[in-house]
Amino acid sequence: MPPRHLRALAAAVSAAALALTAAGTALATGHRTAQAPPAASAAAAPTALGSNWYAAAPYLMPLDNDPPDAGAVMDATGLKAFQLAFILAPNGGGCSPTWDGLHPVASDTAVAGVISRIRAKGGDVSVSIGGYNGTKLGQACGTPEATAAAYQQVIDKYGLKALDFDLEEPEYENSAAIHNEIGAAKILQQKNPGLYLSVTTAGTADGTGWFGKQMLNEAKAQSFVPDNFSIMPFDGGFSGAAAQTSALTNFNAVLRSAFGWDEATAYAHEGVSQMNGRSDTGEFFTQADFRTVLDYATSHHMARFTNWSVNRDRQCTPPDNNGRTSGTCSSVPQGAWDFTKFSVLFAGATPPTTPPTTPPTTPPGGSCTASPYSAGTVYVGGDTVAYQGRTWKAKWWTQGEAPSTGGSGVWQDLGAC
């Protein structure tokens with residue numbers, strides 16, 4: 001199965017395990033999936049949220065990847081919206097919406113229960129369609145109209161006010177499928193006034209690749225403009241925040257070229273979707289990287305700031321997960337929901353300060369003997385510091401650049417303390 005996003009689809013899970021998950025049986029780590037109300041067939045009516053929250057909603061898999069309790073995340077972070085993933089065509093074929101290709105939306109109660117509990121706490125959800133794995137409805141449905149009708153079932157079932165089109169490979173390499181997806185998005189936009197729509201696609205060093213540009217051309221040809229076009233600057237040779245912000249600058253130029261917008265208008269339609277911690281390809285994006293990208297997004301008045309995923313916004317045991325990427329934890333030292341709190345900041349709210357917003361300098365099982373890194377201190381070649389449970393050595397003069405394996409390359413990672 002392709003690695004992007006570690007979307008561990010339930011096709012690999014036995015039918016018995018699926019039934020237990022849907023019923024809310026405890027998973028091995030002690031986290032529980034959502035339990036649906038006994039007679040629930042649809043979610044409670046949504047709370048009216050500002051578009052700022054849909055623009056900041058991080059991804060959450062409600063039926064897979066050891067889903068955390070959404071209400072507990074809301075209480076700990078102040079978050080009000082989640083991006084639930086993913087709606088796909090049935091694995092057995094057909095043009096009807098399912099969760100992960102396995103769970104028909106029409107008969108769902110489990111996700112409806114998750115949504116009801118989020119709304120009971122004053123929050124709401126957007127639903128993401130597509131993703132990296134599985135068969136997409138744009139591939140399975142023959143026309144934009146049929147594709148839109150399938151998505152309308154999801155909107156009606158859950159009373160949605162927001163929807164995300166996650167258009168990436170291999171679907172976005174299929175021009176007919178992209179024609180159907182963009183056409184469906186335009187139909188839904190017209191049929192559901194006020195529906196918040198985001199379109200998410202792969203990121204590259206020059207913004208997005210050839211297929212991403214063809215998707216933008218399809219949108220222009222159909223006179224479709226969503227609330228934002230977002231790129232995913234990870235799994236593409238990125239190294240820290242500097243590479244990500246460079247890609248966002250380049251994507252702004254791509255949007256200007258495609259739609260004839262000026263710079264400010266392009267940024268007002270541009271978003272970013274990151275991957276917290278260790279990516280599928282071994283890139284690392286720390287809390288400091290998220291802060292840098294957040295500052296870039298807010299200073300340029302960008303339209304969206306999200307990440308994959310809340311399921312991963314927990315510390316692994318051991319913190320580096322033995323050098324592996326996980327779908328259920330970040331593989332970097334962190335406090336619970338550290339990365340989710342950046343979404344709250346983007347939405348304009350102030351996250352709670354308990355639990356702490358930054359991880360301890362000393363992770364469990366280790367101690368750092370070097371002095372903690374300080375942004376205001378000047379470091380010269382040979383100086384060592386402790387940062388996020390690791391020791392770093394400066395290669396030359398630096399000030400204000402947090403230790404990472406990216407950026408200017410000034411820092412050498414000497415390993416965990």
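Reader: How many salt bridges does the structure hold?

Author: This is a predicted model. The structure holds seven salt bridges.

Reader: Which side chain does aspartate 66 meet in a salt bridge?

Author: The partner is arginine 314, at 4.0 Å from N to O. Look next at where the two sit in the chain. Aspartate 66 lies in the loop between strand E1 (59-60) and helix H3 (70-77). Arginine 314 lies in the loop between strand E12 (304-308) and helix H12 (340-347). The pair is 248 residues apart and links distant parts of the chain.

Reader: Is aspartate 66 buried or exposed?

Author: Use the cut-off: buried means under 20% relative accessible area. Aspartate 66 has 9%, so this residue is buried. Arginine 314 has 8%, so this one is buried as well.

Reader: Where do arginine 291 and aspartate 295 lie?

Author: Both are in helix H11 (residues 287-299). They are four residues apart, about one turn of the helix. For accessibility, arginine 291 is partly exposed at 39%. Aspartate 295 is partly exposed too, at 37%.

Reader: Which residue forms a salt bridge with aspartate 206?

Author: Lysine 213 does, with an N to O distance of 3.2 Å. Check accessibility again. Aspartate 206 has a relative accessible area of 40%, which makes it partly exposed. Lysine 213 comes to 25% and also counts as partly exposed.

Definitions and conventions:
Residues are numbered from 1 along each chain as its sequence is written. This is a predicted model: local features need pLDDT of at least 70, side-chain atom pairs count only at pLDDT 80 or more; totals for chains, interfaces and linings use all residues. Side-chain values use heavy atoms; hydrogens and water are left out. Helices (H or I, at least four residues) and strands (E, at least two) are DSSP runs, numbered from the N terminus. Buried means under 20% relative accessible area, exposed over 50%, partly exposed in between (1.4 Å probe, protein chains only).
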